Amino acid sequence: MKEKNIDFVIPGDHLSFPEEYLSGKNTSESDYRIISVSYGGLNRDEKSLTVSVEHKDKAIFIENNDVVYGQVTKSDSRQISISIVGVVKGHEVLHILAEGHLRMNHDRRSNERNFKPVMIGDLLRARVIRAGQFSELTINGDGLGILKSRCSNCRDVLILKDGSLFCVNCNKWEGRKNAPDYGAPIFGER
Ligand SMILES: [Zn+2]
């Protein structure tokens, strides 16, 4: 299986500092930082020293069993809503904007302190159970789960340490249903 290792970014991601690269396509500069304004693959052009975000605009459909990337936009006791931003087709992650919701199975860790399977803002990799206008997704399965999450206390990005998520700032563990490649995701077919 061939895997393509690209940096997949979401709006708001910090890409670079203005003294390193110029702000290119689908990026903007704010507070002396170059941030992404789109979803897609990060492209650093070392000749023009420009950083940009590339995505393909063509008709793409989500189908059952596809692997998708998305961000948690709402999470309450009734529903976990996902804004789908990418779908794996072949060896590529293609840009798409679609709505989904997560079907959660009971997790044996859910009684543990500080364990929340997902949080609003989390970036995740999920599989499509039922494609539709609001596709039904699951993060239960090999390679699926949270790829990036923030501390519920200080909002710092959590790091993967000894298989669990840790906030360096608060010196605190937080449990999530994280993917094995949390923090350094490999995008593409898995
Ligand atoms: Zn923290």
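What follows is a conversation about this predicted model.

Student: How many helices and strands does the protein chain have?
Tutor: The protein chain has zero helices and 16 strands.

Student: And what is its radius of gyration next to that of a compact globule?
Tutor: The protein chain has a radius of gyration of 17 Å, which agrees with the value near 16 Å that a compact globule of 190 residues would have. Taken along the principal axes, the C-alpha atoms fill a box of roughly 50 × 40 × 30 Å.

Student: What share of the residues is buried?
Tutor: Of the 190 residues in the protein chain, 44% are buried. As for contacts between residues at least 6 apart in sequence, 55% of them join residues that are at least 24 apart.

Student: Let's turn to the metal. Which residues coordinate the zinc ion?
Tutor: The zinc ion is held by the SG atoms of Cys 151, Cys 154, Cys 167 and Cys 170, at distances of 2.3 to 2.4 Å. Along the chain these donors follow the spacing C-x2-C-x12-C-x2-C.

Student: Where do Cys 154 and Cys 170 sit?
Tutor: Cys 154 is in the loop between β13 (145-148) and β14 (159-161), whereas Cys 170 is in the loop between β15 (164-167) and β16 (172-174), and the two are 16 residues apart.

Student: Why is the arrangement called tetrahedral?
Tutor: The four donor atoms around the zinc ion subtend angles of 101 to 114°, and that makes the arrangement tetrahedral. For comparison, the ideal angle for four tetrahedral donors is 109.5 degrees.

Student: What is the strand order in the open sheet of three strands?
Tutor: The order is β14-β15-β16, and the pairing is antiparallel. The edge strands are β14 and β16, each of which pairs on one side only. On average, neighbouring strands of this sheet are turned by 50° against each other, with direction ignored.

Student: How many bridges join β14 and β15, and which residues face each other?
Tutor: β14 and β15 pair over three bridges in the antiparallel sense. Ile 159 stands opposite Phe 166 in β15, and Leu 160 stands opposite Leu 165 in that strand. The two strands form a hairpin with two residues between them, and Asp 162 in the turn has a positive phi of about 50°.

Student: What about β15 and β16?
Tutor: β15 and β16 run antiparallel and are joined by three bridges, and the bridge partner of Leu 165 in β16 is Glu 174. This hairpin has four residues between its strands, with Asn 171 in the turn showing a positive phi of about 55°.

Student: Changing topic, where does Tyr 21 lie?
Tutor: Tyr 21 lies in the loop between β2 (14-16) and β3 (22-23).

Student: Is Tyr 21 buried or exposed, and what does it touch?
Tutor: Tyr 21 counts as buried, at 13% relative accessibility. Leaving out residues up to four places away in sequence, Tyr 21 touches Ser 16, Ile 34, Arg 44, Asp 45, Glu 46, Leu 49, Thr 50 and Val 51. The C-alpha atoms of Tyr 21 and Asn 178 are separated by 32 Å, and these residues are 157 residues apart along the chain.

Definitions and conventions. Residues numbered from 1 in each chain as written. Predicted model: local features only at pLDDT ≥ 70, side-chain atom pairs only at ≥ 80, totals over all residues. Heavy atoms only, no water. Donors = N, O, S within 2.8 Å, 3.2 Å for Na, K, Ca; no water. Tetrahedral: all angles 85-135°; square planar, octahedral: opposite > 155°, others 65-115°. Pairing = 2+ DSSP bridges. Axes fitted to C-alpha atoms, helices over the stretch in contact; angles between N-to-C directions. Rg over C-alpha atoms; globule rule 2.2 N^0.38 Å. Buried < 20%, exposed > 50% of the residue type's maximum accessible area, 1.4 Å probe, protein only. Contact = heavy atoms within 4.5 Å.
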